[in-house]
Amino acid sequence: MSVHEQRGGQALSRRQRRPSSPSARVAMLEQLLLAERQEAAARLVVAWLGSRAGLSRAVCLLFETSDRLRPAASLGFPRGRIAGFELAASHEDHPLVAALVASGPTPFSRETRTDPALVTPFGAAPFLAVPLRSAADGDRPAGLLLCGRDGDEREILWAASLLGNRLVHLQALRQRIEAERGLAHDRAMLHGIVHAVPDPIVLTDGEGRVVLANAQAERLFVATDDKSEGWQRAVTLNNMFFSAALSQRAVEGGEPTRRELLLVDPADGSDLVFELLSGAARDRRDDRGIVSVLHNVTDLRQANRQIEESFEQLKLAEAQVRADRDRLDLIIDSVADPILATDAGGSVVLMNRPAERLFAAESGDAAGADHRIVRANDAQFSSFVSNALLAQGEIWRDELVLTDPVDGRAIPVEGVAGKVLSSRGELTAVVTILHDVTEAQEKARLYEQLELASQGLKAKVESATAELLRQNELLRRQHLQLEQASAAKSQFLANMSHELRTPLNAILGYTGMLREGLYGPLAPPQQKRLERVDSNARHLLAIINSILDISRIEAGRMPILATRFDLAELVDEVMAEVEPLIAQSKLEVRARVARDLPPLRTDRQKVKQIIINLISNALKFTPQGRVGLSVRRAGRGHVTIAVADTGIGIPAEHQARIFDDFQQVDSSTTREYGGTGLGLAICKRLADMLDARLTLSSWPGAGSTFTLHLPVRIDGRRKKESQDG
């Protein structure tokens, strides 16, 4: 070791014995925490080492790119000496790269300078290479600090550790800011693209809630407070149809599917037909959703329907034309006068048998005909057709004399030629009838009948088209009338339920006062009959309340009052209320509530009504055995409330309609069990309002289990829509 190095080591030892004061370290730490850029932090630490650690020369190398380090701060070096210095981190055999990935500081002495690959700003002088990394994440260094050996090594290592932590933090902060900017840009671009698409686009999460919707989708599925009641009902129907379509997709599988979806236009109430394309989407958090694109095919469907109708009419018209052509051929062949049809060039394309006798001697009937006479007749006919083609009118009349090829008899005929024109006025054919003068009127009448048959066919097609349009309009009006009748029915049930409940409450009140002896003591037979009156009145009041609940739900007038409550307390309250029914049934009833239930935020009264209805049904349809109520947690954000019994059970063919209004397995007037068939229907509709599902598993003779799959928190948007309705 040289004298200079020995003195440097002695000086280092002396400085190590004089560490910087705590206040100086705290001041440097405060300034370092205020640095918002890596270069500023590096300059701050290098300057502090020069003033507090006695360091004369130092260079801080930071990553300019992901693979290359360049000086960010220096001490004791001219600017030109370190301006061009850089270090490629990909050169793993470089000594400084090895020091960069080392776990601690690496000293470089004079002996190390013999390595030709080591080129540093220190030249031949010894220095210390300290990797700058975070104490929490020591895998990838943020830079490399090169220091002379004349400073306090403890101060250098302490400052390097602080600088490493700050550099890694600033690097992570910058990456996060850049990522957030990119995410915001991508999100804005995605929203712009989604809202620019003319078709409605909806993104729903795994629970069916709408996450993203463009303006076209909001017009169909979102109704603000300022919209009319009809608009809001149309939006409610659209959400029901859309949710049903998504549920069907979940049952069918995760592959992208196409199906038709019938919606209602909130503006005018007309039917809209959409082609629904839905597919699963999964983000980085493994949250599944469904992307749905709705393409309006209403006009296309109407056009297809019209095309199909037109095609059917065309087939009928073609069949009619073929039938007319067959009849025409039959008529032409049965006509005694020669009839010929020629094209625009004058060539014969059609002739009947009498014409073949005159102009085609090769046929069987004219085997003995004179070929010279046939050619003469053909020449006269060609001249006649030429004059007809040159004539201005569509009908050309002329007299000519033909000769019978068999017996040579002269046949004076009158030729009537008619031009057949296309829809664009082009000549397509010439039809010629050759007949005696005495038969002129009959031939003219035949031609007129043919013309009338063609016009009649056209009139039939137009009449059929007008009739189809009238039927379509009639069907549309009937559809609107059915919707109005359904709304009137719901309003009527609601009004009548209120009107019936008022006198029933009076009956119950007076009956209660009589039973309590307010009007004098009663004999036991009178007391027994009043109890029957009270029981039947309460039964009738329960039926009316059920009908009122159904009508309120259908009319959208049953609000959702979401509160926070404990489900275990609600179960205790329900069991206390149904205690008289349990005592009367003499069945074993048990309730099991899990201890890890989360608090619910939903409509407490509706959950209570569902549980009471399910337990009442189980008690009513269980002659003997037991009834169980179990409440447990089911996955993330859901609880299940199951009511199981050992009763009569429900056959599989009746399970599909057990939740319909006024439906029971035994609907006859002599059925063993009473009831209106509204309890399960109300439970099903209340469950739908709470974003819940009500399922059934049952076997005849083995009992039934009704399970309510209830979310822990009701959807806020669904709650607002119910209150608005």
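Two strands count as paired if DSSP finds at least two bridges between them. Helices (H or I, at least four residues) and strands (E, at least two) are DSSP runs, numbered from the N terminus. By these terms, strand E22 (residues 693-699) and E23 pair in the antiparallel sense over 7 bridges. The model is predicted: local features need pLDDT of at least 70, side-chain atom pairs count only at pLDDT 80 or more, and totals for chains, interfaces and linings use all residues. Residues are numbered from 1 along each chain as its sequence is written, and side-chain values use heavy atoms, with hydrogens and water left out.

**Strand E23 and its partners**
- Of the 9 residues of strand E23 (residues 703-711), 7 are buried (under 20% relative accessible area, with exposed over 50% and partly exposed in between; 1.4 Å probe, protein chains only), so the strand is largely enclosed by the rest of the structure.
- Strand E21 (residues 638-645) is joined to E23 by 7 bridges, and the two run antiparallel.
- Thr707 in E23 stands opposite Ala642, and Leu708 in E23 is the bridge partner of Leu694.
- The hairpin of E22 and E23 has 3 residues between the strands, and Gly701 takes a positive phi near 80° there.

**The open sheet of 5 strands**
- This sheet has the order E13-E12-E16-E15-E14, with antiparallel pairing.
- Strand E13 (348-351) and strand E14 (395-403) are at the edges with a single partner strand each, so one side of each has no neighbour in the sheet.
- On average, neighbouring strands of this sheet are turned by 25° against each other, direction ignored; axes are lines fitted to C-alpha atoms, for helices over the stretch in contact, and angles run from 0 to 180 degrees between N-to-C directions.
- Strand E12 (residues 339-343) and strand E16 (residues 427-435) run antiparallel and are joined by 5 bridges, with Val430 in E16 as the bridge partner of Thr342.
- Helix H11 (residues 371-390) lies across E12, E13, E14, strand E15 (410-421) and E16, at about 170° to E14.

**Asn214**
- Asn214 is in the loop between strand E8 (210-213) and helix H7 (215-221), and is buried, with a relative accessible area of 0%.
- A polar atom of the Asn214 side chain lies 2.9 Å from the backbone oxygen of Asp199, and a polar atom of that side chain lies 3.0 Å from the backbone nitrogen of Ala217.
- Leaving aside neighbours within four places in sequence, Asn214 is in contact (heavy atoms within 4.5 Å) with residues including Val194, His195 and Pro200.

Key. Polar contact = N/O pair within 3.5 Å; in protein donor to acceptor, adjacent residues only side chain to side chain.
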